[in-house]
Amino acid sequence: MSVSVLYSLLGSTLFSLGLYGLAAYAQLLRKILAINIMGSGVFLILVALAYGPGENSPDPVPHAMVLTGLVVAVSATALALALACRVQETTGSAQLPEDESD
Amino acid sequence: MHPFSACPVWIIFLPLVNSILAFLFRRRGAQLGIVTAVGLVPPLLGLFWQVIGHGPQSYPVGGWGAPLGIDLYADGLSIIMLAMTAVVGIGCTLYATGYYSHGGEGKEKQHHQDSALFWPLWLLLWAALNALFLSADIFNLYVALELLGLSAVALVALAGGPSAVTAAVRYLLVSLLGSMSYLLGVALLYFAHGTLSLGLLGEVVNSSPAGFAAITLMTAGLTMKTALFPLHFWLPPAHANAPAPVSTVLSALVVKGSFYLLLRLWFQVFTATVTPSVANLLGILGVAAILWGSAQALLAQRLKLLVAYSTVAQLGYLFLVFPLAQGTGTGFSAWSGGVYFILSHAFAKGAAFLAAGTVLYGFGHDRIDELVGVTRRMPVTMFAFAIAGVSLIGLPPSGGFIAKWLLLNAALAGGQWWWAIVIVSGGLLAAAYVFRFFSRAFRHVGEISTCRRIPRSMELTALALALFSLGLGIIGPAPFEIIQISAPLSGPVLSGGLP
């Protein structure tokens, strides 16, 4: 139990770190990495908490959720990277412009 | 097994399969779009007939059953949302066949590429929306929400150009952040209660710390995706820079998807966890959205941007549902007012965005100051925009009027009159920004800028959606009888005295 709590705390830390990275950095690649770190945090929590108190075998449902979540995360990252390339091509910089486009 | 029981599966799989086919056979996109639009009608009617006749329906996909397999579920709220999606979706499909039939201005090649990718993405988005409205467990809802977000982002990026691509990236980052937050809430709920089903969670979720953390994370994620002030910054550029049919589905349907989920969670799952202070906070943010969105719409230089900021403002009304439902005896009034607002806004904003897209298509620009006298060039489109405006302002006999009437009733009968001030003044602000455009569009001037020929389907679909928004105000109590089917709240539609 204490191990799973430890890992879920680690997962929450990763989630918060990712959140910070998403807000703090301007470069798109860093933002995309930050989102991935947040995702890893959530998946770690799901995997860790699958070992309930006093159970020997883990609950398979969170594992299935993590597998589905990984597929979604891979597709989202691919789309984000493709869009980041398009931003680089069209604006000449891999950062989001500060002003709202009008 | 009953012959109609497989309807929910068809409703999800038909657009999904056609989306894949449209991706493989890119020249046949428009035909596949029409096949989907027509093909969805029979299973939708079958499902409506079942739900209206026999109450809520549940369908175990593959016959596996709830804990292992995926259950699809449809009640009154689901079928009303599915019907709304179908009406706007069929309108958009017909509009897009006209919009993409002739090459774009000076960028013929780009326009053709757009049309080749528009159809698979739009059909995927349609499948995601239908799946969202039919899902019964919170993880399935997460998958549907992600599919919806990813296809919507790709559609925004279709327009190419620096502003559209940066808008798409912003939208994607916000959307992913919202999903991550929601997923963490799902994880907490699963470990606190050991189930993912919306129905079962509703019985067991209490005001434990896990429940509070889950509602906070899920509400934060979903309000971000619904573009509630101050997390609305991504919406206006994304909705204003997308191609016309895309703007329409984004504003009319996609933001409603995440709000629908928020309604389900607040009124079915977290009933024991919700506190008045959190509900009031959402209401206050809604008020800020109404004021800020309307002010920005008044200042907007471009017509599509005006319509997009109007969406920010109108979404603010939806969040008034949460504090209004806290009043004693006004729960159902506020809830059904919110659902009615979703419907009338979907039709009115769909018509407004289609009409604004036609203006951009016809004149090659949508700068409001230069659109003087456009009513003489495109009378049908402007008529559609005018009717949509009536519903957005909330004038009788439109659907927008009924929705605001219900919200006003909930505010006054529940003793929360301060929300009523906002509802009324929001209508005045909407009138101001709608008439700011019309004062130019209806002006009589000697010469009007030339306009390219507009396909008939583009004009008529905008008009049809506008008439739907008007019709919602006239058809009477039928929608209320449908949304009452296993609604989370019950009570009179109009509570207490009349406002």
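The model is a predicted one, in which local features need pLDDT of at least 70, side-chain atom pairs count only at pLDDT 80 or more, and totals for chains, interfaces and linings use all residues. Residues are numbered from 1 along each chain as its sequence is written, while chains are lettered from A and ligands numbered from 1 in the order in which they are written.

Where the chains meet, 31 residues of chain A are in contact with 29 residues of chain B (contact means C-beta atoms, placed from the backbone, within 7 Å). On the chain A side, α1 (2–24), α2 (28–49) and α3 (60–91) each give at least two residues; helices here are DSSP runs of H or I, at least four residues, numbered from the N terminus. The largest share, 15 residues, belongs to α3(A). By class, this side of chain A has 20 nonpolar, seven polar and four charged residues (Ala, Val, Leu, Ile, Met, Phe, Trp, Tyr, Cys and Pro count as nonpolar, Asp, Glu, Lys and Arg as charged, and the others, Gly among them, as polar).

As for α3(A) itself, its 32 residues reach 46 Å from first C-alpha to last, close to the 46 Å expected (1.5 Å times one less than the number of residues). Its buried residues include A:Pro62, A:Met65, A:Gly69, A:Leu79 and A:Val87, buried meaning that 20 or more other C-beta atoms lie within 10 Å of a residue's own. Among the elements covering them are α2 of chain A and, from chain B, α6 (138–157) and α7 (161–193).

Chain B is split into domain 1 (1–134), domain 2 (137–274) and domain 3 (279–499), with bounds from an automatic or database domain assignment. Between domains 1 and 3 of chain B, 20 residues of domain 1 are in contact with 22 of domain 3. On the domain 1 side, α4(B) gives the most, 13 residues.

Residues meeting here include B:Leu77, B:Met84 and B:Gly91 from α4(B), and B:Val339, B:Phe347 and B:Gly350 from α15(B). This contact has 12 nonpolar, two polar and no charged residues.

Definitions and conventions:
Contact = placed C-beta atoms within 7 Å. Buried ≥ 20, exposed ≤ 12 C-beta atoms within 10 Å, placed from the backbone.
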